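Let us take a walk through a protein model together. Keep the sequence and the 3D view side by side as you read.

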Amino acid sequence: MRPRPGDHRDNRFFWEGVRRGELLIQRCAECGRLRHPPSPMCPSCRSLAADAVKASGRGTVYSYCRPHEPRLPGFDPGYVVALVELAEGTRLVTNLIGIDPAEVRIGLPVAVEFVAVDPDLTLPMFRPLRD
Ligand code: ZN
């Protein structure tokens, strides 16, 4: 079984959004700066007030790797871990789907897809955008 993401008050909104099929980005309620991963304090203005905005779900591959060892339960061999830069400017660690790992490139346009990896866990993953 795939490891579960951490669940705490700072990121709960994110995972609740994922369960609804929405990719959310934390936003400072004072200065409006977007940030990810969710955290309790704005790094710009130190405000503790935050809300969230719905992301477009579009982005590009900022970086990626193809882990080979150790083999981890819940991960199929050949999976791709990517750092995706969203159109809104924040980045998140995710997996790429629907692409031969040898074809992954930095700058590749991608779009979010919500994947049920098991009955109790849905994860936001990214699929290459085709013309
Ligand atoms: Zn702020």
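Is Q26 buried or exposed? At 6% relative accessibility, Q26 counts as buried, where buried means under 20% relative accessible area, exposed over 50%, and partly exposed in between, with a 1.4 Å probe and protein chains only. You can find Q26 in strand β1, residues 24-28; strands are DSSP runs of E with at least two residues, helices are runs of H or I with at least four, and both are numbered from the N terminus. Between Q26 and A102 there are 33 Å in space, C-alpha to C-alpha, and 76 residues in sequence.

Before going on, a word about how to read all this. The model is predicted, so local features need pLDDT of at least 70 and side-chain atom pairs count only at pLDDT 80 or more, while totals for chains, interfaces and linings use all residues. Residues are numbered from 1 along each chain as its sequence is written, and side-chain values use heavy atoms, with hydrogens and water left out.

Now turn to helix α1, the place of R20. R20 counts as exposed, because its relative accessibility is 53%. R20 and R91 are 71 residues apart in sequence, and their C-alpha atoms are 20 Å apart in space. R91 itself lies over the face of Y62, at 3.5 Å from the ring centre; a charge sits over a ring if NZ of Lys or CZ of Arg is within 6 Å of the ring centre and within 35 degrees of the ring normal.

Next come the aromatic rings. A pair of aromatic rings is described by the distance of the centres and the angle of the planes. Rings of Phe, Tyr and Trp (its six-membered ring) pair if their centres lie within 6.5 Å; planes under 30 degrees apart count as stacked, over 60 as edge-to-face and the rest as tilted. By this rule there are two aromatic pairs. F14 and W15 form an edge-to-face pair, with 5.0 Å from centre to centre and 90 degrees between the planes. F14 is buried because its relative accessibility is 5%, and W15 is buried too, at 16%. The rings of F75 and Y79 have centres 4.8 Å apart and planes at 40 degrees, so this pair is tilted. Y79 counts as buried, at 18% relative accessibility.

On a 1 Å grid over the protein atoms alone, a pocket is an open set of points where a 1.4 Å probe fits, with protein on both sides within 12 Å along at least five of seven lines; lining residues have an atom within 4 Å of a point. The largest pocket has a volume of about 460 Å³, a volume being the space filled by probe spheres set on the points, which are joined across faces, edges and corners. Its lining has 20 residues, and P5, W15, V93, T94 and L123 lie nearest the centre. Two or more lining residues come from each of α1 (12-20), β6 (91-96) and β8 (121-128), and β6 gives the largest share, five residues. The second largest pocket holds about 200 Å³ of space. Among its 14 lining residues, R2, D76, Y79, I97 and M125 lie nearest the centre.

Finally, what about disulfides? A disulfide is a pair of cysteine sulfur atoms within 2.5 Å, and a search of the whole structure finds zero.
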